[in-house]
Amino acid sequence: MNKIKALGILGKVKAWAIAHKVMAVVAVGAVAVAGYGAYRTSSAATAPAKYVLASVERGTLVTSVSGSGQVAAQNQVTVTSEASGDITWIAVEDGQTVAKGATLATIESSDASRAVDDAELALENAKVGYDKAVKESDDQAASSSVSDVAKAYQTGYNAIVATSIDLPVIFAGLNDIYYTPSHSPYFSDIKLSNEVDANAVAYKEQAGAAFDDARNEYQANFLRYKNISESSSEAEVVSLLTETNTILKKLLGALSGTYSTLDYAQGKLAVPPAILATDKSSVSSYVSKVNSDSSSITNALSAIDNAKTAGTSANLSMKSAELAVRQAQSALSDAQTALADHRVSAPFAGLVAKVIAKVGDKAGNGTQIATLVTKEQMVNISLNEIDAAKVSKGEKVTLTFDAIDGLTLAGHVSNVDLVGTVSQGVVSYSVQIAFDSNDERVKPGMTVNAAIVTDAKPDVLIVPAGAVKTAAGASYVQVLSNNAPTNVPVVIGSSNDSETEIVSGIAEGAQIIARTIAGSTGASKAAAPSILNSIGGARGGGAAGGATFRATQIR
């Protein structure tokens, strides 16, 4: 029954196919493609590996450290005016090359020129007065009184003795205020900070530094104070008077600062301690003593100077005339400098990067005139701490530029920072590179790639870095023996990114395996019997045989 039903269905399909020939062909094609994909099979075969060989060569192995950065001018400055007035001339333009001292601009200078003329006239008058005073001094015999000189030195000795008695007391008292907590507990940094304010601490530190300076100088000269006597030479007396006067001035500054600090703290504290008022009173008395001693020292020095230089009225007139000449010379020099300031000049040879001012502008002290850069350029790069440790000043550098294809310039390391910069936990060091030659295409701000040569080994055996392999801590290279790789142990030396030094283990000229090319994979495909065979048979056609695809191997 089932067989009869199947024959009936097959007959209906055949009848439909005969009636619809085009659609039947399309359907049969689709079924054929699907059948081919369903029965497709493949097999694989692998070709043998190939080897790229290289020779062991003798040459120079160069080791370098690389980094990138920017080109910068070695010096760049915005030139400003130092005089006031209208700008009368701009002497340069953007991109112009100028020599050191070249005029960039001028400022109206009629008043300054008149001042120079007046100063020259005043100097001439002063010289005439000096010549007259010299003649009068030559006409009179001048001599200083020996007794007056001796008296002046005795006055100086007495002033030193009096000061040497006061100074130890003052230094000890001031030292207690600053450095003896039990004496002045309120004066500690913590107390002042907590109970007064930060200003009090700052005032104290400033005055304390002045005190330490004066005390150190006093201690350095203490033995001279102990050894001074009436029999000391005049030079010793004058020298110690001068040093003592310097110490007194420094000590007076420290005392004034201390008094101001104490007074500030007293005004800020709600309930000032009693010791603060006592210390303030002591400092005030110290100020009085130092002022008195300073006056004595100053008077003694003046007395010695006056006694030694005392002479006739003609001699004094000559000195006064000489001073007048010096003052006139100084005034002329100042006037000439002021006139020169009306001419704005280049502080160094270079290029005018930008002219900022223009004719007619009002200029004053600090008005920007032009920006000047040096022709000499440099490169700033940043290296990590490992690479920076390999770099030394003077090492050769090869420079290439992203913006200029094919340009390579030589340079050398001019400076390596001693102190690194830490950013996000990473330490880097700035390295400055100077150009050995310039190229006008290179501009400040351009990105530059630098290769710093840190070592160069001449006349060594070199192989490609990829040819050296490591196993169990030992190095080896491979050679072909009977078309198969054979390991040859070697001892290696220095290396860079592309090459490795061979110390021993293989001879120059030997052929080694530099690189291995893995074998390729091929596929063979067998076509399954087409479903068209069955359909063709059903239509009464002859049976078609299935096509077979065989793979080939690459050897």
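The model is predicted. The salt bridges number 16, and among them are Arg58 with Asp459, Lys250 with Asp213, and Glu243 with Arg224. Asp293, by contrast, is buried and has no salt bridge.

- A salt bridge joins the side chains of Arg58 and Asp459, with an N to O distance of 3.6 Å.
- Arg58 is partly exposed at 41% relative accessibility, while Asp459 is exposed at 53%.
- Arg58 and Asp459 are also linked with Glu508 in a network of salt bridges.

**Pairs involving helix H8**
- In the salt bridge between Lys250 and Asp213, the closest N and O atoms are 3.5 Å apart.
- Lys250 is in helix H8 (residues 234-268) and Asp213 in helix H6 (residues 198-220), and the two are 37 residues apart.
- Lys250 is partly exposed at 28%, as is Asp213 at 38%.
- Glu243 and Arg224 form a salt bridge whose closest N and O atoms are 2.8 Å apart.
- Because Glu243 lies in helix H8 and Arg224 in helix H7 (residues 222-227), the pair ties together parts 19 residues apart in sequence.
- Glu243 is partly exposed at 23%, and Arg224 is partly exposed at 29%.

**Buried Asp293**
- Asp293 sits in helix H9 (residues 274-309).
- The nearest side chain of opposite charge to Asp293 is Lys289, 8.0 Å away.
- Beyond its neighbours within four places in sequence, Asp293 contacts Ala162, Thr163, Asp166 and Leu248.

Terms used:
Residues numbered from 1 in each chain as written. Predicted model: local features only at pLDDT ≥ 70, side-chain atom pairs only at ≥ 80, totals over all residues. Heavy atoms only, no water. Helix = DSSP H or I, 4+ residues; strand = E, 2+ residues; numbered from the N terminus. Buried < 20%, exposed > 50% of the residue type's maximum accessible area, 1.4 Å probe, protein only. Lys, Arg positive; Asp, Glu negative; His and termini not counted. Salt bridge = Lys/Arg side-chain N within 4 Å of Asp/Glu carboxyl O. Contact = heavy atoms within 4.5 Å.
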